[in-house]
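Please examine the structure shown below with attention to its charged side chains. The paragraphs that follow consider how such side chains pair with one another.

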Amino acid sequence: MTRPPSRRAILLGATAAASTAMLGGCDRLGETEWFRRTLKTGEDANLFVQRLLLTDRALAPEFAEADISPWFKPNGTEDPPDKAYKALARRKFATYRLEVGGLVESPLKLSLAELRKMPARTQITRHDCVEGWSAIGKWTGVPLADLLGQARLKPEARYVVFHCADTMDQGDADTGAEDDGGSDGQEAGGNANPAMKKQAGGGEDKRDSGGQQASDATTAGAAEPVRYYESIDLVDAFHPQTILAYDLNGQALPVANGAPLRLRVERNLGYKQAKYVMRIEVVESFSGIGEGKGGYWEDQGYAWYAGI
C-alpha cells in the first residue's frame, strides 16, 4: 500500500520546486514588487497548508527525558542590557509583574509567584532555530489559554502580541546596567543581539514597547530603544502546547534562555519563541505596532508565520 506523503514532505517539496524555478533570476526578481507579493503569498500558503493538514490541537512531537540535550543553546540575546531588566534579575524577579491587556475584559497583572501557583504544563520538545540548529528541552509553564481565559477576550480580538525586555537596537538611550560593579557587555547605542542579521525591511519604530518594567527614562530628543516583540494568532495562542515557560529542565529558567518568562509555541521556528516577556497585548491588527508586520524580525523581512 502506498503511504500518503507526510505534511513535512509536502511543504519541503513545494519549497524545493519553487526554489529551483527561481534560482536563475532571484537577484532580478528580488527587485520587483510583484515578486515580493508572491513571497507574501507563499507565506500565506504555508499558513493555509499547515491549518489544512493539522487540526487546531495537533501536537508537536514530544520526547523522553533521555532525549534532552546536555546543553540548550541560548538563541538571540543572552543578557538584556536594560537597567530595569537588570534590576529585576538582581532581585531574582521577585518584583516582576506580567501584564495582560489590550482587547480583554479583565486586564491582569501577575507576579512570578502567582504564575507558578497556576495549573502548569510540562513538555519535552525540540527547538528548531532558523539559523539551522536544534535542541531538546523540558519546559514547564502556564498554558497561555488559561491566562487568556482569565482575561476574557473581547469579540474583536485576533492576535496576541508579546512585548519583551530584550533590546535589539539601543538607539541613543542609556540602557546599560546600573553602576553595581557589573558589566553588560554592550556599548551604548550598539545592538544587543549582534548574532542575527537583518533582512530587507524598512525603517524601525523607535517606540519603547517593553512595557512598564522594561521602560527606561531617556534624555530629551534621544531615540528610545527598540525592543523585541512577537505575535501569534488565536489558533496558536489556545493550542495546548503554547505555554509561558518559567522552568527549563526542572530548574528556574536561566537569564540566557529568557528568564523570567518565555513563550513556547512548539509548532513554530525559534524566533517566534519570545524571551523576556514583560507584557501581553491582545489586538485586532498589527497596525500601530512596529511596522505592522507582527514581530521585530518580521519587520526586517522574516516570515510572520514560521510553522514547522
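**Salt bridges and their surroundings**

Lys 86 is buried, its relative accessible area being 11%; buried means under 20% relative accessible area, exposed over 50%, and partly exposed in between, computed with a 1.4 Å probe on protein chains only. Lys 86 forms a salt bridge with Asp 79, and their closest N and O atoms are 3.2 Å apart. A salt bridge is defined here as a side-chain nitrogen of Lys or Arg within 4 Å of a carboxyl oxygen of Asp or Glu. Asp 79, by contrast, is partly exposed, with a relative accessible area of 32%.

The model is predicted: local features need pLDDT of at least 70 and side-chain atom pairs count only at pLDDT 80 or more, while totals for chains, interfaces and linings use all residues. Residues are numbered from 1 along each chain as its sequence is written, and side-chain values use heavy atoms, with hydrogens and water left out.

A search of the whole structure finds 11 salt bridges. One of them joins Asp 128 to Arg 126, at 3.0 Å from N to O. Asp 128 is buried at 13% relative accessibility, whereas Arg 126 is partly exposed at 33%.

Another salt bridge links Arg 267 and Asp 236, at 3.5 Å from N to O. Arg 267 lies in the loop between β9 (262-264) and β10 (277-283), and Asp 236 lies in helix α7 (residues 234-237), so the pair ties together parts that are 31 residues apart in sequence. Helices (H or I, at least four residues) and strands (E, at least two) are DSSP runs, numbered from the N terminus. Arg 267 is buried at 8% relative accessibility, and Asp 236 is buried at 3%.

Finally, Glu 230, Lys 272 and Glu 298 are connected in a network of salt bridges.
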